[in-house]
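Biologist: I am new to this structure and would like a close look at a single part of it. Please take me through the aromatic rings and the helices around them, step by step.

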Amino acid sequence: MSFADTFKALSDNSRREILLMLKSGRMSAGEISSHFNMTNATVSYHLSQLKKADLITEIKEKNYIYYELNISVFEEIMLWISQFGEDRNEK
């Protein structure tokens, strides 16, 4: 995972909406697509960008592919961001 890919993926509103949807559990591409007014190809592109950034993973079951959050990447981002909240006088 690179922070550049992560922040690029997070910069798009549709991808952030997908992440929020996946917060409640895994979903198929069709389930995700049904929440948007965009083509399946566009949803697929957004999913590929989220996968490239390791923000989501895919699980294949029979004829379906399900997507779910990769929580460890979010934890890593939060850990990195949290270092900026430290008191500068504590050294």
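Modeller: A residue is called buried here if its relative accessible area is under 20%, exposed if that area is over 50%, and partly exposed in between. Please keep in mind that this is a predicted model. With that cut-off, S14, R15, I18, L19, M21 and L22 are buried in helix 2, which covers residues 13-22. Seen down the axis of helix 2, these buried residues fall within an arc of 160°, so they line one face of the helix. The N-terminal end of helix 2 is capped by D12, which has a side-chain oxygen 2.9 Å from the backbone nitrogen of S14.

Turning to the aromatic rings, a pair is counted if the ring centres lie within 6.5 Å, and by this rule there are 5 aromatic pairs. In one of them, the rings of F3 and F7 have centres 5.9 Å apart and planes at 45°, so this pair is tilted. F3 and F7 both belong to helix 1 (residues 3-10), where they stand 4 residues apart and are therefore separated by about one helical turn. An α-helix has 3.6 residues a turn, so residues three or four places apart point the same way. F3 is partly exposed, with a relative accessible area of 27%, and F7 also counts as partly exposed, at 34% relative accessibility.

F3 has a further partner in W80, for the centres of these two rings are 5.1 Å apart and their planes are at 45°, so that pair is tilted as well. Here the pair links distant parts of the chain, since F3 is in helix 1 whereas W80 is in helix 5 (residues 71-82), 77 residues apart. W80 counts as partly exposed, with a relative accessibility of 34%. Taken together, F3, F7, W80 and F84 form one aromatic cluster.

Helix 1 also holds K8, which at 45% relative accessibility counts as partly exposed. Leaving aside neighbours within four places in sequence, K8 is in contact with R15 and Q49, and R15 is one of the buried residues of helix 2 described above. The C-alpha atoms of K8 and I81 are separated by 16 Å, and these two residues are 73 residues apart along the chain.

Definitions and conventions. Residues are numbered from 1 along each chain as its sequence is written. This is a predicted model: local features need pLDDT of at least 70, side-chain atom pairs count only at pLDDT 80 or more; totals for chains, interfaces and linings use all residues. Side-chain values use heavy atoms; hydrogens and water are left out. Buried means under 20% relative accessible area, exposed over 50%, partly exposed in between (1.4 Å probe, protein chains only). Helices (H or I, at least four residues) and strands (E, at least two) are DSSP runs, numbered from the N terminus. The arc is that of the directions from the helix axis to the C-beta atoms. A polar contact is a pair of N or O atoms within 3.5 Å; within protein, one must be able to donate a hydrogen and the other to accept it, and residues adjacent in sequence count only if both atoms are side-chain atoms. Rings of Phe, Tyr and Trp (its six-membered ring) pair if their centres lie within 6.5 Å; planes under 30 degrees apart count as stacked, over 60 as edge-to-face and the rest as tilted. Contact means heavy atoms within 4.5 Å.
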